[in-house]
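User: Take me through this model in short questions and answers. Start with the structure itself.

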Amino acid sequence: MTIPTSNFVILAAILFAIGAAGVLLRRSGISILLGIELMLNAANLALVAFGRQHGQLDAQVFVFFVMAVAAAEVAVGLALLVAIFRKQQSIDVDRLNVMRW
Amino acid sequence: MRPDLIALLPELVLAALAMGVLLAGLASGRARHGLLAGGALVSLAVTALALWYAAAATDPAARLFSGMFALDRFAVYFKALFLLSSALVILLSVDYLKRNDYRPGEYLALVMFATVGMMTMASGVNLAAIYVGLELMALSTYILAGYFRREVKSHEAATKYFVLGAFSSGVLLYGLSLIYGTTGTLDLGALTRVLAAGKPATATMVGMALLACGFLFKVAAVPFHVWTPDVYEGAPTPITAFMSVGPKAAGFAMFLRVFLVGLAPLAASWIWLVGAAAVLTMIWGNVAALTQDNVKRMLAYSSIAHAGYALVGLVAGGAAGVNSVLFYMLVYTVTNLGAFGFVIMLESRGYAGETVSDYAGLARRHPTAAFGMLLFMLSLGGIPPTAGFMGKLYLFAAAVNAGYVWLVVVAVVMSAVSLYYYLRIVLQMYLREGEGVEPAELVVAPWTERVIWACGLAVLVIGILPAPFLAAARATAGVLGLS
């Protein structure tokens, strides 16, 4: 039996919300990176599910591009965290407060 | 060569040469600033030639790479603008990098990669292609913001930019997946046809709103602007200058193409969203700039306000709206790069030169540079005979003709408010004397000075003779199918 598209879309929405909450609420740099990954992968899941529903490969191909972009994004993010850890022995983003608006 | 590859030639050439600059930077050690910057500038010039050749050899109406990519007049205009702004930024960076003792190779290569990303964004006619270009630009810019790794502020700027930028691209991507899900296409042309055929689903509207949020973040519009002041203040100043012109213009390129072509049938819904964002952006950007004492932060809020003016052109829509936004992006690029050039020359004494009081008495000690800054401030404020006046005139005229008088009223009132903080710097330079034992001085930075000269000249020429530049902008709107 096939699983209806709506189930995938609801799961994607839940994952996206968890990821967004993680980025906005957590203070550890690593947790924030995990949240960003969850958001991107939620969008990927929705894209793949919709692609299957429409019977097209467009979305599946696009998802590969998004995965590559996400990998590059994490590489940049981790490099930044390493640089910050070297500077202040912590990856707590709340301590990045030299500038205030 | 296949027509697809010819159309992509500028991006291919620039990406290959950027890798060359990266390797040359690794191989050449420290003392090669001038040589590498020269190489980067030659690469941009070669890319401009490739662009000229590709534009002549490609059918503007063609959709290449299976409908992913177009090289129409709109794309060519933006690509030329990106090449110009990147070249000016590299000229601004040469002295600055040498003075602060950072390696130039990676820096120049990243500016060039970001330019490749922006060029792809301007050409993308499929949401997937636009997304990939956007991310190439964004990732390069995150690294550039944190390039001064010995400074805490630079780290902080890069981290804030990265976290919020990645969050916004997540939102954008999710919106894009919803639009794909309900319409079954990522192609902008097909999207228009599907959306025009019937009443849009709720999920399409949600996707459209999320997409708008992501785009508004990229052009730094209120309420998605919170990252801007911190990132602009903390990033190396030439990179701040770069972010305020290149990626912002690229953001508007994709905004115009996606919203005025792909999502055009939904205009009745998004026009209020974007119009409200424009009003908030103009008001908040200008009001917050009033209270800033740090010049980089002030210019950050000023760039937020200018994004608001450009959004007025997007709301106006039609050929006139698109033309005026394109023309405004050119005007803003030359004006803002000139202004940042001045900040770069003043900033050189370590921490000094970032507060408004550092500008006291500079007109007497450096009359020509101060005159340049005067021109840029007048242009940002929109006073004739500068380019800024012409830019605003065409933007506001387009909006009035499209029936958005209330938007223009807000824009004009806020332009008047903005004069206060622009003229504050002018007053400091011309009417105050430097206080304290050691007043701030300009450093010797020949290339930065030449950029200021060139930008000052451009501001005057565009302000007095706007016709040829307007004609270049005008030639583009037809390709979007607007009248």
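**Burial, contacts, packing and voids**

User: What is the relative accessible area of Asn336(B), and is the residue buried or exposed?

Analyst: Asn336(B) has a relative accessible area of 0%. Buried means under 20%, exposed over 50% and partly exposed in between, using a 1.4 Å probe on protein chains only. Since the value is 0%, Asn336(B) is buried.

User: What kind of model is this?

Analyst: Residues are numbered from 1 along each chain as its sequence is written, while chains are lettered from A and ligands numbered from 1 in the order in which they are written. Side-chain values use heavy atoms, without hydrogens and water; local features need pLDDT of at least 70, side-chain atom pairs count only at pLDDT 80 or more, totals for chains, interfaces and linings use all residues, and this is a predicted model.

User: Which residues is Asn336(B) in contact with, leaving aside its neighbours within four places in sequence?

Analyst: Asn336(B) sits in helix 14 (residues 318-347) of chain B. Helices here are DSSP runs of H or I, at least four residues, numbered from the N terminus. Contact means heavy atoms within 4.5 Å. With neighbours within four places set aside, the partners are Ser244(B), Val245(B), Leu299(B) and Leu380(B).

User: Which residues is Ser43(B) in contact with, leaving aside neighbours within four places in sequence?

Analyst: Ser43(B) belongs to helix 2 (residues 33-57) of chain B. Its relative accessibility is 4%, so Ser43(B) counts as buried. Outside four places in sequence, Ser43(B) touches Leu14(B), Leu17(B), Val21(B) and Met112(B).

User: How are helix 4 of chain B and helix 19 of chain B oriented to each other?

Analyst: The axes of helix 4 (residues 73-100) and helix 19 (residues 446-464) of chain B come within 7 Å and cross at roughly 150 degrees. Axes are lines fitted to C-alpha atoms over the stretch in contact, and angles run from 0 to 180 degrees between N-to-C directions. Angles under 35 degrees count as roughly parallel, over 145 as roughly antiparallel, 65 to 115 as roughly perpendicular and the rest as oblique. Helix 4 and helix 19 of chain B are therefore roughly antiparallel.

User: Which residues of helix 19 of chain B meet helix 4 of chain B?

Analyst: Helix 4 of chain B brings Leu88(B), Leu91(B), Leu92(B) and Asp95(B). By class, this contact has seven nonpolar, one polar and one charged residues. Ala, Val, Leu, Ile, Met, Phe, Trp, Tyr, Cys and Pro count as nonpolar, Asp, Glu, Lys and Arg as charged, and the others, Gly among them, as polar. From helix 19 of chain B come Pro446(B), Trp447(B), Thr448(B), Val451(B) and Cys455(B).

User: How much space lies in the largest cavity?

Analyst: On a 1 Å grid over the protein atoms alone, a cavity is a set of points where a 1.4 Å probe fits but cannot get out. Points join across faces, edges and corners, and volume is the space filled by probe spheres set on them. The structure holds four cavities of 30 Å³ or more. The largest cavity has about 90 Å³.

User: Which helix gives the largest share of the lining of the largest cavity?

Analyst: Lining residues have an atom within 4 Å of a point. Among them are Met137(B), Tyr161(B), Trp227(B) and Lys248(B). The lining divides into nine nonpolar, no polar and two charged residues. The largest share, three residues, comes from helix 11 of chain B.

User: Which elements give two or more residues to the lining of the second largest cavity?

Analyst: About 70 Å³ lies in the second largest cavity. Its lining includes Gly29(A), Leu80(A), Val93(A) and Phe162(B). Two or more residues come from each of helix 2 (29-54) and helix 3 (58-88) of chain A and helix 7 (152-183) of chain B.

User: Which helix gives the most to the lining of the second largest pocket?

Analyst: A pocket is an open set of points with protein on both sides within 12 Å along at least five of seven lines. The second largest pocket holds about 590 Å³. It is lined by 23 residues, of which Phe65(A), Met68(B), Thr120(B), Ala129(B) and Val132(B) lie nearest its centre. With five residues, the most comes from helix 6 of chain B.

User: Where is Ala220(B), with its positive phi?

Analyst: Ala220(B) has a phi of about 60 degrees, although it is not a glycine. At 1% relative accessibility, Ala220(B) is buried. Its place is the loop between helix 9 and helix 10 of chain B.

User: What is omega for the cis peptide bond joining Val222(B) and Pro223(B)?

Analyst: Pro223(B) lies in the loop between helix 9 and helix 10 of chain B. The bond from Val222(B) to Pro223(B) is cis, with omega about 5 degrees.
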